[in-house]
Amino acid sequence: MPKIRDAKLSRRAALTLGAAAAASTALPAFADTTPALKDLAAAKGLRFGTAIGAKMFADPKVRDLIIRECDIIVPENELKMYVTHNDNATGYNFKPADDLLAWASANHIAMRGHNLFWARDEFTPKWLKEYDFGSKPKVAAEKLLRDYIATVANYYGDRLTSWDVVNETIDPKTGEVRDNAFSRVLGMDALRIAYEATREHLPKTQLVYNDYMSWEAGNEAHRKGVLKLLHWFRDNHVPIDALGVQSHIGNGFDLMGGQVNQWKDFLDEVVSLDLDLLITEFDVDDQTIPTGDIAQRDAIVATVGRIYLDQMLSYTQTKDVLFWGMPDSYNWLQEFTPRKDGLPLRPTPFDADFKPKPLYDAVAAAFKTAPTR
């Protein structure tokens, strides 16, 4: 794979690399001796995994794939407030997440928590957006937020290895904190309270801020806003351990538009704050690759994915790599960003028949060459 040299990935170079690779690349198949991605990752002190939701969990082939390849999962939606606490201020529903956790535990697979506070109104339960906080709204809002986090945190305890405490609170266009049901009452204190309450009940659990700022051109304001927030956390002694870098590469932006040097500057500043890095929601969106040729598309996805992973894994602070659903047929992008030609997207290491693709080899190679942490 090419070394990272330029400030921006060359679109022509990436397409040329993809065409050349496609000419000689066949879909790989598992051999009995093929190491699982989780084993290659573990050899370097990393964990490899995927998101899994109800549809995926219902498919025995998905479960078998995860058992073979992964040592960590994260629920796709099952721990979000609109599932766990959707009906009213007192009702809770943990069964969907409990089913995933029971299966993961039985198969010696760790599970992350995602998420305690999705700071966007469109993903907030209707009852909470309409909630009357009464004559002392700040007191009531803080109590409700602390009570919710205490209930969830105490229910799962240390059975989950880390939590995305706050998710996506930065507006990507402005770089400012979004208005939401809690911040309209509590302001920035809503974020501080969320982390303090989580740490109070989970003193040993990794606490994460998770967001989708990315490396392509067009993400500058988003990256700047996340850095501003992380500095605010540090300056206000907010207990946070890591930044979750979602890593939906090419989603809404030019897949070949990675600003490699600017991304390095961003990561350098994050780790200077004594924070770890997690790749929490990885996939490589090929919706804008103009060719319909599968071999060429797969080669471009693998090339860009490898360059990105090599850069991320060059930081020993990067500890986890999780895809946001695999194989391709179960990845969220199929419905979110369909190709204009109607062809299925190919954003994960496995195709719809559960066969490994060139991106699988790229991930494996990135793990093999990554420094030990």
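Q: Is Asp328 buried or exposed?
A: Asp328 is buried, because its relative accessible area is 3% (buried is under 20%, exposed over 50%, partly exposed in between; 1.4 Å probe, protein chains only). A word on the source: this is a predicted model, where local features need pLDDT of at least 70 and side-chain atom pairs pLDDT 80 or more, while totals for chains, interfaces and linings use all residues. Residues are numbered from 1 along each chain as its sequence is written, and side-chain values use heavy atoms, without hydrogens and water.

Q: Where is Asp328 found, and which residues is Asp328 in contact with, leaving aside neighbours within four places in sequence?
A: The loop between β10 (318-323) and α14 (333-336) holds Asp328 (DSSP runs: helices H or I, at least four residues; strands E, at least two; numbered from the N terminus). With those neighbours set aside, Asp328 is in contact (heavy atoms within 4.5 Å) with Gln334, Leu345, Arg346, Pro347, Thr348, Phe350, Asp351, Ala352 and Lys357.

Q: How are two packed helices described?
A: By the angle between their axes and the distance between the axes. Here, the axes of α11 (220-235) and α12 (260-272) come within 10 Å and cross at roughly 10° (lines fitted to C-alpha atoms over the stretch in contact; N-to-C angles from 0 to 180 degrees). α11 and α12 are therefore roughly parallel (under 35 degrees; over 145 is roughly antiparallel, 65 to 115 roughly perpendicular, the rest oblique).

Q: Which residues of α11 and α12 meet?
A: From α11 come Arg223, Val226, Leu227, Leu230 and His231, which meet Gln262, Trp263, Phe266, Glu269 and Val270 of α12. By class, this contact has six nonpolar, two polar and two charged residues (nonpolar: Ala, Val, Leu, Ile, Met, Phe, Trp, Tyr, Cys, Pro; charged: Asp, Glu, Lys, Arg; polar: the others, Gly among them).
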